[in-house]
Amino acid sequence: MKSLADRPVDPVVGLTVSHESAALHVTGAALYTDDLVARMSGCLHAWPVQAPHAHARVTALRAEPAMAIPGVVRVLTAADVPGVNDAGTKEDEPLFPGEVMYYGHAVCWVLGETPEAARLGAEAVEVEYEVLPSLLTLTEAIDAGSFQGGQPTLSRGDAAAALERAPRRFSGTFELGGQEHFYLETHASFAYVDEAGQVFIHSSTQHPSETQEIAAHVLDLTSSEVTVQCLRMGGGFGGKEMQPHGLAAIAALGTVLTGRPVRLRLNRTQDMTITGKRHPFHATWEVGFDDDGHLLALRATITSDGGWCLDLSEPVLARALCHIDNSYFIPDVEVHGRIAKTNKTSQTAFRGFGGPQGMLVIEDILGRCAPALGIDPTELRRRNLYLPGQSTPYGQPVRHAERLRDIWTQLSGRADLERRRAEVGQFNATHEHTKRGLAMTPVKFGISFNLTAFNQAGALVHVYKDGSVLINHGGTEMGQGLHTKMRQVAATALGIPLAFVRLAPTRTDKVPNTSATAASSGSDLNGGAVKNACEQIRDRLAEVAARKFNIHPDDVRFVDGRVTGVGFHDRDISFAQLANDAYFQRIPLFAAGYYRTDGIHWDSSRMQGEPFKYYSYGAAVSEVEVDGFTGAYRFLRTDIVHDVGDSLSPLVDLGQIEGGFVQGTGWLTLEELRWDVSDGPNRGRLATQAASTYKLPSFSEMPEELNVHLYERATESGVVYGSKAVGEPPLMLAFSIREALRAAAAAFGPGDRPLELASPATPEAVFWAVQAAREAAADSSAAGERTVSAGLRDSGDVGPRVSGDVGTETGTASRPRGEVPSAQPSSSAPARSRRR
């Protein structure tokens, strides 16, 4: 393979082109999995029987009443599975469970002639349960010692000793919520058996190969007997990486047993109550600073809520640990990770894959500690940014660390930060009941799969005699523009116009053993494979052209559909003519491409190595306005500078940055998952199971002014055409919104006191933060009193630990200094305690 990063003359990559399916999307002509059902007659429809308990044992299941419903054809149960009754990869996820593990768990599925018949049949199925004790919250699981999977530790140096020496030392707790994917297209699968006995599954899946494997082992078939195709998805965000497999297996099982096509499409409520979400996290931490505000040490325990089974919780936790530093150098680190087992949906991948949760922990720490240190939060962050030559706690050098400070400086200028800071101060001084906040936060996000083996991809490229090109690759299109970029990569590698290139749907009988389209690696991996296949063909064509022109093959040039030689000004042929000539010379015009990411290694047992090919960098400045009476807020302006290397497709990347930022803003400010945690009959029921109760960001939550700039002169060597991933990193730019809300709420108080802010920072949570700031202002006005925020303790310049409030010395610590803070929620966190 030629150099991955070098671009030829007049490349198609880097051009501003629209999404390859944009016209189909806006006209409604784009086909999705469920649209294909109309092309097949005699289709059956699947409907789940969902359990009404958070935890229970199934003691009896009677399907006979359902079969009496007109139109019901079959009820699928565990007894029907010819292979393995498991929908996961860790043998802990029964497809038909004998023990219900969360409210809404599907215990069987009904197949009907119509969706209505299947629904009525599901209502008629009689199931008896023995109700068992359940754990719903992270706190309950921690107190009960309910954990699953491994408990890794990330460490460097001696955090305990460094904390002892630290002039300024703080500790606290933090709990952050999950997030519903809420893709526009809910989970959908459509399966049938063809005339050769092959099981063909259309699935809305980010990982067709794994969907194929799971369906095959459920059916007791080989993978070669099952084909999975993903035409396109109406959004995925990680929610369709693992979760589609069992649903596809249900459809496949139904079609094998009945001989008829089976359609399974979840409605919105079923999707939200059956499938997993972003992992909530709980963190306890201790941090040490020097007198100038430089981070010296961090010791923490982070606990994710994995739900009822492991799914992807272990790699999600690993990435959270690897990103707890975000963009900051911390000399001594000791962070323990663990996964709680609760009676909720199995939480799964979500854009960022644990990275946002880990990064939010350190951002919350800096936002809370900055006032106690007497340092502006923006300045505290700037002082701690990585410098060239420094490495992460897991041992990977931070390559191009200088970009962080350059982006920081550029953004400060573009956002006119200093002038606006003064304006915000003036506004707050003249407005008693409305305050504004301004905050700036950075992003450093590692790109590659945690599991090294996943960092490979394949492609299949066909050139036809007329010069047209068809490409297949292992990546899936979920609206993110991957197919658009792959067309541009192919056109650039072959030196032809973009219109010459067509892309075929992703399917497992064209490119096998593919990795999930996830980890922001879709363009890197599949782009490398497409480029490799195209270069094989181009090199063969160059031999044909070289004989025609009587020159060396290295001197042949492919530009905009014409083929010529170096220095030729009066002699060329069309790409189509050359392809036709090659055919008649019996030169193969197809090639299988392959790419594997080099230079990465990861030892998961020691949490050490270099797991990432590179880091994507960025920063954002956000300004908000908060109403002191209600906690309601407006997002006034956000400025972003983001590093995408040399963009493959600038318009696509711009959309990814904007979309990721807004989705991150939703997670951090609006989207709150609520379960019934009472001891009543609905314990464990998801209360926010529709758009009417789950608040999504909309146009009204967009900043009134949003400015996005792609970092320039940012070629990344060793990556396809010098580009960088853009899927996940922009989500974390939304940290600036949350920290701006903290600053605005703090402005209702003395301004120099730490302030706790719940996550998500809903208007209700912001209201309680405002109240806490006002109480701090009232306390500070009282003679002789010193105030602090809840849940943050500072040892100041004295040796003994201080429990309770910052600056309030109460003697020695109530626990040994070497002990990690207990995993208990803050007893005086106003936003969370008053809301719950």
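**Loops, helices and their contacts**

Q: Which loop is asparagine 513 found in?
A: A heads-up first: this is a predicted model, where local features need pLDDT of at least 70 and side-chain atom pairs count only at pLDDT 80 or more, while totals for chains, interfaces and linings use all residues. Residues are numbered from 1 along each chain as its sequence is written, and side-chain values use heavy atoms, with hydrogens and water left out. Helices (H or I, at least four residues) and strands (E, at least two) are DSSP runs numbered from the N terminus. On that numbering, asparagine 513 sits in the loop between β21 (506-507) and α15.

Q: Is asparagine 513 buried or exposed?
A: Buried means under 20% relative accessible area, exposed over 50%, and partly exposed in between (1.4 Å probe, protein chains only). Asparagine 513 has 63% relative accessibility, so this residue counts as exposed.

Q: What phi does asparagine 550 have?
A: This asparagine lies in the loop between α15 and β22 (556-559), and at 71% relative accessibility it counts as exposed. Asparagine 550 is not a glycine, yet its phi is positive, at about 60°.

Q: Is α15 roughly parallel or perpendicular to α16?
A: Axes here are lines fitted to C-alpha atoms, for helices over the stretch in contact, with angles running from 0 to 180 degrees between N-to-C directions. The axes of α15 (residues 522-549) and α16 (residues 575-584) come within 10 Å and cross at roughly 95°. Angles under 35 degrees count as roughly parallel, over 145 as roughly antiparallel, 65 to 115 as roughly perpendicular and the rest as oblique. That makes the two helices roughly perpendicular.

Q: At roughly what angle do the axes of α10 and α18 cross?
A: These two helices are roughly parallel to each other. Axes of α10 (residues 355-373) and α18 (residues 735-746) come within 11 Å, and the crossing angle is roughly 30°.

Q: Which residues of α18 make the contact with α10?
A: From α10, the contact takes in Pro356, Met359, Leu360, Glu363, Asp364, Gly367 and Arg368. By class, the contact has 4 nonpolar, 1 polar and 6 charged residues. On the α18 side, the residues are Phe735, Arg738, Glu739 and Arg742.

Q: How many of the residues of α18 are buried?
A: Buried residues of α18 include Phe735, Ile737 and Leu741. The helix is largely enclosed by the rest of the structure, because the buried share of its 12 residues is 11.

Q: How far apart are the end C-alpha atoms of α14?
A: The expected span of a helix is 1.5 Å times one less than its number of residues. For the 13 residues of α14 (residues 482-494), that should give 18 Å, and the end-to-end distance agrees, at 18 Å.

Q: What relative accessible area does serine 134 have?
A: Serine 134 lies in the loop between β6 (126-131) and α4 (138-144). Leaving aside neighbours within four places in sequence, its contacts are Ala54, His55, Glu140, Asn343 and Arg683. Serine 134 is buried, with a relative accessible area of 16%.

Key:
Contact means heavy atoms within 4.5 Å. Ala, Val, Leu, Ile, Met, Phe, Trp, Tyr, Cys and Pro count as nonpolar, Asp, Glu, Lys and Arg as charged, and the others, Gly among them, as polar.
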